[in-house]
Amino acid sequence: MGPSTVNIAVLLVLALTSLCSGTSSPGAYLYPQFYQHSCPRAQDIVRSVVARAVAKEARMAASLLRLHFHDCFVKGCDASLLLDSSGSIVSEKGSNPNKNSARGFEVIDEIKSALEKECPQTVSCADILALAARDSTVLAGGPNWEVPLGRRDSLGASLSGSNNDIPAPNNTLQTITTKFKRQGLDMVDLVALSGSHTIGLSRCTSFRQRLYNQTGNGVADSTLEEAYAWQLRSRCPRSGGDDNLFTLDRVSPTKFDNSYYKNVVAGKGLLNSDQVLLTRSLETMVLVKQYAENNELFFDHFAKSIVKMGNISPLTGTKGEIRKNCRKTN
């Protein structure tokens, strides 16, 4: 190899290094083989605990997937959501998006304790959330993907971040788009990741305004299919019944598939944030219709978008810590 070839090789390495360390790729330090030597059985352990939990209660798949979202949208994917209140920490669990609805924490505890036995203080709680989200999706019949790993755990939480940064069911499409953009996620990510509503349940309080008073004038949301609205009203009254649960996807509530998009096309998206994808933007409408017709395309986009979401501002290297207990800092 002549000197000029060596120079080119060095330049290539330098170019790749700068690409990997650039701000354009915040998740560049994460890679799927991170625990290959330090904890080779890590992924198997996560998978087996998640499988047991989902076998016991199908809804747990949606709950674990949702924890990963609600963690990543606040200060990045750093397991800040898992911290209980103590000392200077005010838990994110008490925020509007999480209070009485975020669940699955005991499954994360069970995974953590199994991993601590296998390889103490090695696997982060943030990585557990990312793996559990993937395994839940696969168990529900959804796509599989390689999870980039190497996140570390935060030393604090942000209640205000949780209240302000997580998209809410009654947000306008513009607000939801802004919240996604803030995390470096685009319109394709928004529509594809909304597809996680193909599994799981929602409380009456999350969509009541659509049934009775959508714009503050005492009239129901006109984009909601009438027979479906009538059905929802029977169990979600004007007042009371806040915690009554409804399937987000009325066709196949425990199966991860594209019927969520078919529902939205038919005016049967449960949440306002679901239905606006069809009615408020040509760009999102086109994607909704494409996913409704092509399950494979939805799976492909969902897997890419969730990896992208998992790359939001991870703590790596010496930042943060590896918690021994996901509920509290060391």
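**Note on the predicted model: annotated site, salt bridges and a helix pair**

1. Leaving aside neighbours within four places in sequence, serine 80 is in contact with Asp71, Val74, Lys75, Glu92, Ser154, Gly156, Ala157 and Arg323. The residue lies in the loop between helix 3 and helix 4 (105-118). Serine 80 is buried, its relative accessible area being 0%. These values come from a predicted model.

2. Is aspartate 71 buried or exposed? With a relative accessible area of 0%, aspartate 71 is buried, because buried means under 20%. Not counting residues up to four places away in sequence, aspartate 71 touches Gly76, Cys77, Asp78, Ala79, Ser80, Leu81 and Leu129.

3. The model contains 20 salt bridges. One of them joins the side chains of lysine 93 and aspartate 84, at 2.5 Å from N to O. Lysine 93 is buried, with a relative accessible area of 17%, whereas aspartate 84 is partly exposed at 27%.

4. Arginine 134 and aspartate 135 form a salt bridge through their side chains, at 2.8 Å from N to O. Both arginine 134 and aspartate 135 are buried.

5. A further salt bridge connects arginine 182 with aspartate 165, where the closest N and O atoms are 2.8 Å apart. This pair links distant parts of the chain: arginine 182 is in helix 7 (residues 173-182) and aspartate 165 in helix 6 (residues 159-165), 17 residues apart. Arginine 182 counts as exposed at 51% relative accessibility, while aspartate 165 is buried at 18%. Elsewhere, salt bridges with shared partners join Asp44, Arg47, Arg134 and Asp135 into one network.

6. How do helix 8 and helix 14 pack, and at what angle? Helix 8 (residues 187-194) and helix 14 (residues 295-310) pack at about 110 degrees, with their axes 8 Å apart. The two helices are therefore roughly perpendicular to each other. Helix 8 contributes Val188, Asp189, Ala192 and Leu193 to the contact, and helix 14 contributes Phe298, His301, Phe302, Ser305, Ile306, Lys308 and Met309. By class, this contact comprises seven nonpolar, two polar and two charged residues.

Terms used
Residues are numbered from 1 along each chain as its sequence is written. This is a predicted model: local features need pLDDT of at least 70, side-chain atom pairs count only at pLDDT 80 or more; totals for chains, interfaces and linings use all residues. Side-chain values use heavy atoms; hydrogens and water are left out. Axes are lines fitted to C-alpha atoms, for helices over the stretch in contact, and angles run from 0 to 180 degrees between N-to-C directions. Helices (H or I, at least four residues) and strands (E, at least two) are DSSP runs, numbered from the N terminus. Angles under 35 degrees count as roughly parallel, over 145 as roughly antiparallel, 65 to 115 as roughly perpendicular and the rest as oblique. Contact means heavy atoms within 4.5 Å. Ala, Val, Leu, Ile, Met, Phe, Trp, Tyr, Cys and Pro count as nonpolar, Asp, Glu, Lys and Arg as charged, and the others, Gly among them, as polar. A salt bridge is a side-chain nitrogen of Lys or Arg within 4 Å of a carboxyl oxygen of Asp or Glu. Buried means under 20% relative accessible area, exposed over 50%, partly exposed in between (1.4 Å probe, protein chains only).
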